[in-house]
Amino acid sequence: MTYNPFDITKIRADFPILKREVNKKPLVYFDNAATSQTPQAVIDVIADYYSSYNANIHRGVHSLSQEATDAYEIARQKIQQHFNAQKAHEIILTSGTTHGINIIASGYAELLKANDELLVSAMEHHSNIVPWQMLCEKTGAVLKVIPMTQKGTLDMTAYASLLSDKTKLVFVNHVSNALGTVNPIASIIEQAHQVGAKVLIDGAQAAPHIKADVQALDVDYYVVSAHKLCGPTGVGMLYGKEDLLNTLPPYQGGGEMIAEVTFEKTTYADLPHKFEAGTPNIAGGIAFGAALDYMNGLGFESIATHENELLVYATTALKEIEGIQIYGEAAEKTAVVSFNVKGIHPYDVGSILDKFGIAVRTGHHCAQPIMDYYQIPGTIRASFSFYNTKEEIDRMIEALHRAIQMLQ
Ligand SMILES: *Cc1c(COP(=O)(O)O)cnc(C)c1O
């Protein structure tokens with residue numbers, strides 16, 4: 001590995017929000033798993049779109065529309081390259097992970113029959129559970145759950161025994177947002193393919209930390225949200241293999257997704273437009289490309305090295321505090337620590353941390369089945385990004401001591 005001077009002071013200066021105070025204390029932002037902060041370079045791209053070439057895309061003959069279309073399609077190519085998709089039209093721009101999953105789940109309503117089996121993992125975000133439950137209600141397909149272990153990993157033996165020729169689809173997150181567990185998706189995909197099942201990977205929580213290669217993984221569908229990787233809210237990617245996307249019906253009807261409309265019959269546009277009805281988040285799509293440029297400029301290896309140091313540092317410091325229980329101790333994790341303090345409700349700890357300017361998430365993190373598994377109401381979750389520092393973790397630990405004193 002080449003030595004890369006990861007200049008944290010310079011990196012932090014790229015994020016205007018990191019200069020602000022909260023409750024008269026410098027902001028410590030440890031809620032990156034919910035949404036990441038936005039660097040000035042990405043904010044500039046959004047401002048530039050609205051100040052110099054705001055126009056609707058793919059339809060205008062005039063110059064502004066062409067400029068906007070070019071910028072939007074260049075962003076699509078950046079996303080394609082980043083995830084190493086074979087073709088640009090396999091990249092569908094969505095409003096986010098949730099939208100991407102719903103496009104696939106609704107498409108399969110016409111392809112499944114009663115008693116087909118779908119496998120979901122026990123550690124999914126609600127957005128990778130509920131659309132499939134709705135699909136099962138419509139089709140009579142059966143949803144089965146790949147169980148998890150105390151350490152917060154998937155039970156791969158159970159997974160192997162759940163797979164059969166009845167299995168049509170498997171959906172698992174690449175990284176758990178509540179625990180930080182990195183799941184062995186290459187093996188999950190390979191085993192599913194052996195029985196002829198297709199796999200959707202929810203990459204929302206992995207994308208800020210791990211550069212996924214969709215061809216190397218041979219994954220069928222991969223979904224992400226831009227707002228978790230330094231991009232804006234309301235935009236994301238659905239990657240799908242071309243032949244699979246071609247067999248799925250469109251999700252929404254409207255402008256942009258048609259080839260020809262008459263009152264007798266409408267024919268649909270080719271990929272990617274078939275799944276992109278209506279005017280999209282144009283500035284958001286362009287900014288998504290800029291966010292990937294920014295992160296690739298830092299380098300995903302450097303990002304992972306720095307974040308892993310933060311994870312080890314925080315985990316060690318937390319374990320020294322009496323009464324702390326950490327949830328999720330997989331060997332391979334991204335920089336997320338979920339924990340509780342014995343006898344204290346997570347919400348109370350979170351509220352006191354906020355008084356010290358420290359933003360953490362408390363609750364079930366949209367992953368209630370995990371909380372049910374551990375029989376807890378929720379956790380305190382500190383999730384780190386490459387722009388966080390050990391000094392900030394020190395401040396959280398200090399504030400935790402104060403919170404425990406106040407609450408116990
Ligand atoms: C955030 C997240 C989602 C939902 O993303 P949206 O941007 O709200 O659509 C889904 N799955 C995981 C693992 C997440 O972290």
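Me: In which loop is the place of Asn 23?

Reply: The model is a predicted one. Asn 23 is not a glycine, yet its phi is positive, near 50°. Most residues other than glycine have a negative phi. The place of Asn 23 is in the loop between β1 (21-22) and β2 (25-26).

Me: Which peptide bond is cis, with omega near 0°?

Reply: Most peptide bonds are trans. The cis bond, with omega near 0°, runs from Leu 271 to Pro 272.

Me: Are α10 and α11 roughly parallel or roughly perpendicular to each other?

Reply: Helix α10 covers residues 282-298 and helix α11 residues 300-319, and their axes are 5 Å apart. The two pack at an angle of about 70°. Angles of 65 to 115 degrees count as roughly perpendicular. The relation of α10 to α11 is therefore roughly perpendicular.

Me: How many nonpolar residues has the contact of α10 with α11?

Reply: From α10, the contact is made by Met 295, Asn 296 and Leu 298. From α11, Phe 300, Ser 302 and Ile 303 take part. By class, the contact has no charged residues and 2 polar ones, and the number of nonpolar residues is 4.

Me: What share of the area that the ligand exposes when taken alone does the protein bury?

Reply: Oxygen atoms of the ligand lie 2.6 Å from an N or O atom in the side chain of Ser 225 and 2.7 Å from a polar side-chain atom of Lys 228. Taken alone, the ligand exposes 380 Å², and the share buried by the protein is 86%.

Me: How many charged residues has the shell around the ligand?

Reply: The residues surrounding the ligand include His 125, Asn 177, Asp 202, Ala 204 and Lys 228. By class, the shell has 1 nonpolar and 8 polar residues, and its charged residues number 2.

How values were computed:
Residues are numbered from 1 along each chain as its sequence is written. This is a predicted model: local features need pLDDT of at least 70, side-chain atom pairs count only at pLDDT 80 or more; totals for chains, interfaces and linings use all residues. Side-chain values use heavy atoms; hydrogens and water are left out. A residue is near a molecule or strand if one of its heavy atoms lies within 4 Å of it. A polar contact is a pair of N or O atoms within 3.5 Å; within protein, one must be able to donate a hydrogen and the other to accept it, and residues adjacent in sequence count only if both atoms are side-chain atoms. Accessible areas come from the Shrake-Rupley method with a 1.4 Å probe; for residues, only the protein chains shown count as cover. Ala, Val, Leu, Ile, Met, Phe, Trp, Tyr, Cys and Pro count as nonpolar, Asp, Glu, Lys and Arg as charged, and the others, Gly among them, as polar. Axes are lines fitted to C-alpha atoms, for helices over the stretch in contact, and angles run from 0 to 180 degrees between N-to-C directions. Helices (H or I, at least four residues) and strands (E, at least two) are DSSP runs, numbered from the N terminus. Angles under 35 degrees count as roughly parallel, over 145 as roughly antiparallel, 65 to 115 as roughly perpendicular and the rest as oblique. Contact means heavy atoms within 4.5 Å.
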